[in-house]
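Please work through the following exercises with the sequence and the structure side by side, and try each task yourself before you read its solution.

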Amino acid sequence: MWVLFWIMVAQNGAVTSGSAEFETFEACRAASTYIGLAAAQASESASTRGTRGPVMTRQTQCFDKKTGKPAWP
């Protein structure tokens with residue numbers, strides 16, 4: 001079992017964070033990649049509309065639920 005944690009901070013200070021559990025590392029890694037792509041798309045869309053600052057910081061990490069160790073440093 002793997003747990004994905006994420007946090008995103010926009011240029012305007014808005015913060016979004018969360019977590020989700022996955023059965024496999026591959027699923028966790030895929031979700032992490034998706035979050036990155038979604039953040040990039042939201043930033044681009046917001047900057048063209050001028051409604052919200054782009055995401056300046058994005059961090060995602062998959063952890064092994066049994067050991068508590070991260071999948072990557």
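The exercises below concern a predicted model, and each task is followed by a solution in steps.

**Exercise 1. The order of the elements**

Task: Find how many helices and strands there are in the chain, and in what order the elements run from the N terminus on.

Solution: Begin by counting the elements, which gives one helix and three strands. Then follow the chain from the N terminus on, and you will read the order β-β-α-β.

**Exercise 2. The disulfide**

Task: Determine which cysteines form a disulfide, and decide whether they are buried or exposed.

Solution: First look for cysteine sulfur atoms that lie within 2.5 Å of each other. The sulfur atoms of Cys 28 and Cys 62 are 2.0 Å apart, and these residues form a disulfide; the count comes to one disulfide. The angle about the S-S bond is -110 degrees, and the link of Cys 28 and Cys 62 is left-handed. Finally, turn to accessibility, where buried means under 20% relative accessible area; both Cys 28 and Cys 62 are buried.

**Exercise 3. An aromatic pair**

Task: The structure holds two aromatic pairs; describe how the rings of Phe 5 and Phe 63 are arranged.

Solution: Start with the distance, which is 5.6 Å centre to centre for Phe 5 and Phe 63. Then take the angle of 75 degrees between the planes; because planes over 60 degrees apart count as edge-to-face, the pair of Phe 5 and Phe 63 is edge-to-face. Phe 5 belongs to strand β1 (residues 2–10) and Phe 63 to strand β3, so this pair ties together parts that are 58 residues apart in sequence. As for accessibility, Phe 5 counts as partly exposed at 41%, and Phe 63 counts as partly exposed at 24%.

Note on methods:
Residues numbered from 1 in each chain as written. Predicted model: local features only at pLDDT ≥ 70, side-chain atom pairs only at ≥ 80, totals over all residues. Heavy atoms only, no water. Buried < 20%, exposed > 50% of the residue type's maximum accessible area, 1.4 Å probe, protein only. Phe/Tyr/Trp six-rings, centres within 6.5 Å; stacked < 30°, edge-to-face > 60°. Helix = DSSP H or I, 4+ residues; strand = E, 2+ residues; numbered from the N terminus.
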